[in-house]
Every structure is written in C-alpha cells, then in structure tokens.
Amino acid sequence: MIEAIRSLGRTFSRSFWRGVSIRLERHIGLDVKLETGTASNYILLGLQFKKPRKKEYDFSQGEYYYTFRINDNSANDQHIILWLISTLVLRSFLNKFVFIGYSFPMFISHAELGRYSPDFLNKTIFIDASRFPVSTLDRLEHEVLIYKSS
Amino acid sequence: MRSEETIINSENVLDGKELLEKISKTKEENFVKVNEVKERINKYKLQKLIEELREQKLRYDLIRYIEQKIEKGWMITVNSLLLP
C-alpha cells in the first residue's frame, strides 16, 4: 500500500507508516498512521487492522463472508475511542480528506494470502470508524461481517 | 454478545484501490496537515460531541466512562500521539 501511495505523486513520494506502540495504541485505537513526510506533513490515514476470525458461506446470499471483531481490546473501548477521534476529525475538517478507521483484510489463511498476492488492496476493506452508527458504541465486542462482493 | 444487525452503507465501504483513488483525486489543499489536527481537535469539541451523544440517549455509564477518560487527560494524549 505504501508503494502505491508513494507512486501517486510528489506530495506522497516520501510517505511513511508511523507505528503506534501497544501501550499507546490503547489511547488512540490506532495501529499505524500514514504521513506524507514532506514540508507540509499531511496525515492521510490512521488505521486499526483487524484479522478475520472465520470465513463462512451464506447460502441465502450465495457468497462467502468473513467475520471480524471490533471493540475486542481488553477494556472493550477501542471502537469508542476510534469513533470519537474519527468523528471529531471529520467534523473539524469538513470537505477535507483524512481517514481514521478500520482495515479488514479478507485473508484467513496463508493459502489465501498466496492466492491473492500481490493484489492485496483489492481484497482489503476500509471503513471509516465514524461511519458506524452510534448504536455500536458500548462496552461490548461487535462482529463485523464482510461479504466477498463488498 | 448483543445480537443487533447494522448494515453500513456501501458508499462508506471502500476497498484498497477505491481508497487510493480517493487519495489520488484529492487536491493537495484538501489534505490535513498534522499540526492542524492539534489546533482543531480539543477537549471542548469532544465535550460538545459528548453532549450530542447524551441527547441521542447514549447510555449514562458510557458517557461517564468517556468523561472520566477526558478528566484523566485523554485528549492531551490523543493530540500528542497524533502529532509526530
């Protein structure tokens, strides 16, 4: 992904991922941030990566789906934190681009990784945390089901 | 686990290529500078958001949980972590 972003043009040519330590991750709910690293250092993305827990077939829809879990940190507050930050950023920068949310890679096994490599971006879903409804804010884990055709 | 189904509108669900396309089509002046985040995101805006959540009948214990985080300086931590 970083290579694809760097290739978008001069503004992005020095982009880099900035990792967040596990200790600090509990405060902002992010695993990494992507900054441009230029004189005008822009923040493009803040991501929380989730791993698929299972892959199942939905007979009524006729397709596979992957199940992920959110708000599954030990305090069960990660989704609340991400939602608050994402909503604040969105409201503070109307009509501007910044994405704070989830990355849901649809690879559950090494075999799937190998099958789709190197085209991982097509098989990874991104959802801004603020797009989840207020009803998802609580101290419980939630399952997110993503269908292959998403 | 509570069983309640929510469907996210498909226009808010992007694959990696769509996300990249969105970035590539954004004019440079419409990106957010890292230091602007600190200037614009503060605990007063967060408190306003919490008031809205209160009006939307978010559970009292959850509102209190967020307020306690703010009292412990969470917003300062967020700002310092979002900045390099």
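The model is predicted.

Start with the sheet in chain A. Three strands build an open sheet, in the order β4-β5-β8, and their pairing is antiparallel. Strands β4 (54-58) and β8 (142-147) of chain A stand at the edges. Each has a single partner strand, so one side of each lacks a neighbour in the sheet. From one strand to the next, the twist averages 35°. What holds such strands together? Strands of a sheet pair through backbone hydrogen bonds. Look at β5 (residues 63-70) of chain A and β8(A): they pair in the antiparallel sense over six bridges. Y66(A), for instance, has I146(A) in β8(A) as its bridge partner.

Next, the nonpolar cores. In soluble globular proteins, nonpolar side chains tend to be buried together. The largest nonpolar core here has 47 residues. Which members touch the most others? They are L84(A) and F104(A). Helix α3 (residues 78-92) of chain A gives the most to this core, with eight residues. A second, separate core has 18 residues. This second core draws on both chains: its members include I5(A) and F12(A), along with L20(B) and I23(B).

Return to F104(A). Leaving aside neighbours within four places in sequence, F104(A) is in contact with several residues, among them F68(A), I70(A), V144(A) and I146(A). I146(A) is also the bridge partner of Y66(A).

Now the charged pairs. The structure holds 15 salt bridges over all chains. One of them joins R6(A) to E3(A), with the closest N and O atoms 3.4 Å apart. These two residues are three residues apart in helix α1 (residues 2-6) of chain A, so about one helical turn separates them. R6(A) is partly exposed, at 32% relative accessibility. E3(A) is exposed, at 54%.

Other salt bridges link the chains. R91(A) pairs with E52(B), and their closest N and O atoms are 2.8 Å apart. This pair runs from helix α3 of chain A to helix α3 (residues 43-55) of chain B. R91(A) is partly exposed, at 42%, and E52(B) is partly exposed, at 23%.

D119(A) and K17(B) form another salt bridge, with the closest N and O atoms 3.4 Å apart. D119(A) lies in the loop between α4 (110-116) and β7 (124-128) of chain A, while K17(B) sits in helix α1 (residues 16-25) of chain B. D119(A) is partly exposed, at 30%, and K17(B) is partly exposed, at 42%.

Finally, stay in chain B. Salt bridges that share partners join E51(B), R54(B), R64(B), E67(B) and E71(B) into one network.

Note on methods. Residues numbered from 1 in each chain as written. Chains lettered and ligands numbered in written order. Predicted model: local features only at pLDDT ≥ 70, side-chain atom pairs only at ≥ 80, totals over all residues. Heavy atoms only, no water. Pairing = 2+ DSSP bridges. Helix = DSSP H or I, 4+ residues; strand = E, 2+ residues; numbered from the N terminus. Axes fitted to C-alpha atoms, helices over the stretch in contact; angles between N-to-C directions. Core = buried A, V, L, I, M, F, W, Y, C linked by side-chain atoms within 4.5 Å. Buried < 20%, exposed > 50% of the residue type's maximum accessible area, 1.4 Å probe, protein only. Contact = heavy atoms within 4.5 Å. Salt bridge = Lys/Arg side-chain N within 4 Å of Asp/Glu carboxyl O.
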